[in-house]
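Please read it alongside the sequence and the coordinates.

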Amino acid sequence: MRTILTILGVIIGACSIILMLSLGIAMDRNFEEQISQMGNLTVISVSAGQSQDAKAPKLNDKALEDFSKMQYVERVIPSLMTNTYITYDKYRTNWEMMIYALDAEDMSALGYTAVQGRDMQPGEKNVMVLGGEIPKQFTKIGKRPNYNKPPEAMPINLESDKMQLEIAQFDYMTGKPLLENMEGEKIKAPKPIEVKPIGILSDTNYEIANNAYVPREIFDKLVDEKKKYNEKLNGKQQGNRDMFGNVQQKGIYNEVKLKISDRDKVAEVQEAIKKKGYMAYSAMDWLTEMKKVSNGMQLALGGIGAVSLLVAAIGIANTMMMSIYERTREIGIMKVIGAKLVDIKKMFLVEAIMIGALGGTIGVMISSVISLIVNTVGGGIANIIGMHGATKVSVIPPWLAVGAIVFSTVIGLISGYFPARRAMKLSALSAIKTE
Amino acid sequence: MGKEKIVALDHIDLEIEKGEICCLFGTSGSGKSTLLNMLAGLEKPTKGNIKIKNVSVEKLDEAELAVFRQKYIGFVFQSYNLIPSLTALENVALPLIFQGMPKKEREKRAKEMLEAVGLGERLRHKPKEMSGGQQQRVSIARAFVNRPKILFADEPTGNLDTHTTIEVMDMITRIAKEYNQTLIIVSHDPEIATYAHKIITIRDGNIYKIEKNTDHGKEITYEKQE
């Protein structure tokens, strides 16, 4: 009976330490999940920065080559971007969308995978992958968007329908193309480029949700045509501009994305790039910050759990001690009939270890059940402890389960050691005389 | 309190032959139990020498004593000293466990021994489910299961009625003779003394007299000169 109570103590101790740590681990996982939804963790975005310093390094082809030679850099993906209206049937986007040139390999390296439809295939032309927010940007041509209503995603028939990448600019009020230059001369309406939408990306990654992606070939054609149109419309001086209104120079990139082979090296590479004078940013920055917070939390939670396991350890020691007092006579008898000292020590040690191991094992089982329950009903709890939108409140990885069993076994061993030694040292004769 | 020097045994010179059945006889407080404990290596003399099979017992350390007891010595106590949580069979097999004998063999040996003491039907009973005489027989079986060279019995019949006493004593002496074992019995009961070859009477920590049981009655071989 006393042994059962002691085991119960160990079970509670093991449970509390496991559950506390599992909360911390779940918190970690949630951070990671949230951040990886926002962007790929192994991608570093590099930009030349807005620095007016003439000596600041430029993001040119040479820089790109340098990057590709760096250790752990798997792929260098320059960002090529232009803005264009997209027309779909009788609908057109409310404003110019950002169109990026990426080929199939780049997309997969960056982790841009379609949640609807399919990904781009290598060598494919005339296709487009849409960011998750783009279907919400369409309004019937000639009408203006109703901002009082949240935008609804337009159903898009992937593969079968076509979309037009417009070269022309449109009048905001009427939706008619601007076809009159500054001298009042009519210019010929440019022919839009037709592409096939094949896939839609996740709308949780804000970095890509408002972008559309086309193969390089289409992109180059689009930029070319737009340049011609803009020159006709506005004269030569303005050229092509990027999203910040900066003039795009040939051979100079605004942004380059680097795919890193090992996620543990992201910070290292990022540092190295910053040292070269570029601006570098990665989702890992956030994660590192958040991990610091959660590590502190885990330490505190684990500490609370550890206290209860410590109490359990004292319980084991106490039980063993009592058991030795109770069985002093038995120990004496065993000694007299030839038990070696190690036999006696072993007997009590094994019992203590068994209490620890059994308590730990049952503790793991019970915590798994509790963890399961908490996870199924856990939405509310998650919000209370500050894990908003968490999918799991408690995560018990295998190492934690095994670790807890080993730990409580070791606790049993330690707290059983001194009582066992005491039993060993009992004098056989006085032990027998005890009634 | 407790600081007073008590002399339990004083200048004892005693030899016991192999195969002898020997009775340490005396009133309580005479020192006979202390002598037995010393002979068995449970207590150490402050001075002097105890030799069993040419081994100085008092010089062995705890670990060596454990092995020594395992090999040569069996014990029967007045209060049986069985382990209450174990069955008769397990109690008898216990010394063999400490010797590291495989389970099958030790159970076989223990069973044989229990049958020899007439408890073949009670292998699975716990001590509490048996009478005093039966418990003592279990403890005798346990003492003999090792085939010890020397059996020490400390008031083996002290808790038993007359009828059972005779039964138990018959059994102990029979088995001891069968295996040519040395038997040393401590008792204050003159009845027990009749089973012995040699009766050593202890008084006030000294050997008072040594008698031999012969066919013609008791023969005094030594008597302390007052």
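## Contacts and fold of chain A

In chain A of this predicted model, 81% of the contacts (heavy atoms within 4.5 Å) between residues at least 6 apart in sequence join residues at least 24 apart. The secondary structure of chain A comprises eleven helices and 14 strands, taken as DSSP runs of H or I over at least four residues and of E over at least two, numbered from the N terminus.

Of the 435 residues of chain A, 45% are buried, that is, under 20% relative accessible area with a 1.4 Å probe and protein chains only.

## Basis of the model

Local features need pLDDT of at least 70 and side-chain atom pairs pLDDT 80 or more, while totals for chains, interfaces and linings use all residues. Residues are numbered from 1 along each chain, chains are lettered from A and ligands numbered from 1 in the order written, and side-chain values use heavy atoms, without hydrogens and water.

## The largest cavity

Three cavities of 30 Å³ or more are found in the whole structure, a cavity being a set of points on a 1 Å grid over the protein atoms alone where a 1.4 Å probe fits but cannot get out. The largest has a volume of about 190 Å³, the space filled by probe spheres set on points joined across faces, edges and corners. Its lining (residues with an atom within 4 Å of a point) has 17 residues, of which A:Thr93, A:Asn94, A:Lys143, A:Tyr172 and A:Gly175 are the closest to the centre.

Strands S5 (91–93) and S9 (138–140) of chain A each supply at least two residues of the lining of the largest cavity.

Conventions
Buried < 20%, exposed > 50% of the residue type's maximum accessible area, 1.4 Å probe, protein only. 1 Å grid on protein atoms, 1.4 Å probe; cavity = no way out; pocket = protein on both sides within 12 Å on 5 of 7 lines; lining within 4 Å.
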